[in-house]
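Have a look at the sequence and the model, and then I'll talk you through a few spots.

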Amino acid sequence: MTSLFDSENIHHHISKQYDQELLDIRNRVLALGGLVESQVESAITALIECDVELAERVIADDYRVNSMEVAIDEDCTHILALRQPAARDLRLVVAVIKTITDLERIGDEAKRMARVAIDLAAHYPKKNQFTDLQQLAQHVRGLLREALDAFARIDVDEALRVVQEDRQVDCEYESIMRQQITYMMEDPRSIPLALNIMWSARSLERIGDRSCNICEYVIYYAKGKNIRHISIEQVQADLRRN
């Protein structure tokens, strides 16, 4: 993930300290994003490999995500109170506050998957039972990486691509849910494993949704347009007109 805040995205003020404060919160969001991405990666690996030690490390490290989110939120509150930002600067601070909230919740989903990994390890599942879940995990991991990259570069086109790709994630999630329900109906002994796979799939689907949210904040910051509850086709048409 590369940060690329070019001159178009940096607005200079009379106060150089104010400029530095805005740049700092951007960079700290990216640092939080990197930590969260690492947590998700480790949780997925722990789940697929039934690695209890790695899962416990993910759970133990969740406090770091929470601490960073709280610290950035406090700095944003400080900027709002003392700098009273307007226009694009205000949109940046709002986008940062919303983004770190979603990143913290993605961290929570990683912790949930880690807990499931610990429970699953006791059932000695076979690797082929995770095939579809692993495919969903790979897709979601890519969405999160692309969302963070879109934020780093304020890339509206990439943000829109992530929002579009989430439709495929939803389809994969629904397929896994149907599959596991079928397994439970055919063999009640499969219920514990199937439920854990379903809970893991749900966490992955939520990570995909929150990655989309981050991309919506990118578009809000760059274009001043709130695209929540608007179809992707309508968003594309509106942005072309602008």
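How do the residues of the lining of the largest pocket divide into nonpolar, polar and charged? Before I answer, keep in mind that this is a predicted model. Okay: the lining has four nonpolar, three polar and seven charged residues.

So how much space is in there? About 220 Å³ lies in that largest pocket. Its lining is made of 14 residues, and the closest to the centre are K98, E216, Y217, N226 and R228. If you're looking for the elements that give two or more residues to this lining, they are helix 3 and helix 6.

Now over to the largest nonpolar core. There are 73 residues in this core, and the ones touching the most other members are V40, V96, L103, I106, L133 and L204. Who supplies them? Helix 1, helix 2, helix 3, helix 4, helix 5 and helix 6 each bring at least two residues to this core. The largest share is from helix 6, with 15 residues.

Let's zoom in on V40. Leaving out residues up to four places away in sequence, V40 touches I106, A110, L144 and I207.

Last stop, helix 1, which runs over 16-49. Helix 1 has 34 residues, so at 1.5 Å a residue it should span 50 Å. The C-alpha atoms at its ends are 49 Å apart, which agrees.

Key. Residues are numbered from 1 along each chain as its sequence is written. This is a predicted model: local features need pLDDT of at least 70, side-chain atom pairs count only at pLDDT 80 or more; totals for chains, interfaces and linings use all residues. Side-chain values use heavy atoms; hydrogens and water are left out. A nonpolar core is a set of buried Ala, Val, Leu, Ile, Met, Phe, Trp, Tyr and Cys residues joined through side-chain atoms within 4.5 Å. Buried means under 20% relative accessible area, exposed over 50%, partly exposed in between (1.4 Å probe, protein chains only). Helices (H or I, at least four residues) and strands (E, at least two) are DSSP runs, numbered from the N terminus. Contact means heavy atoms within 4.5 Å. On a 1 Å grid over the protein atoms alone, a cavity is a set of points where a 1.4 Å probe fits but cannot get out, and a pocket is an open set with protein on both sides within 12 Å along at least five of seven lines; lining residues have an atom within 4 Å of a point. Grid points are joined across faces, edges and corners, and a volume is the space filled by probe spheres set on the points. Ala, Val, Leu, Ile, Met, Phe, Trp, Tyr, Cys and Pro count as nonpolar, Asp, Glu, Lys and Arg as charged, and the others, Gly among them, as polar. The expected span of a helix is 1.5 Å times one less than its number of residues.
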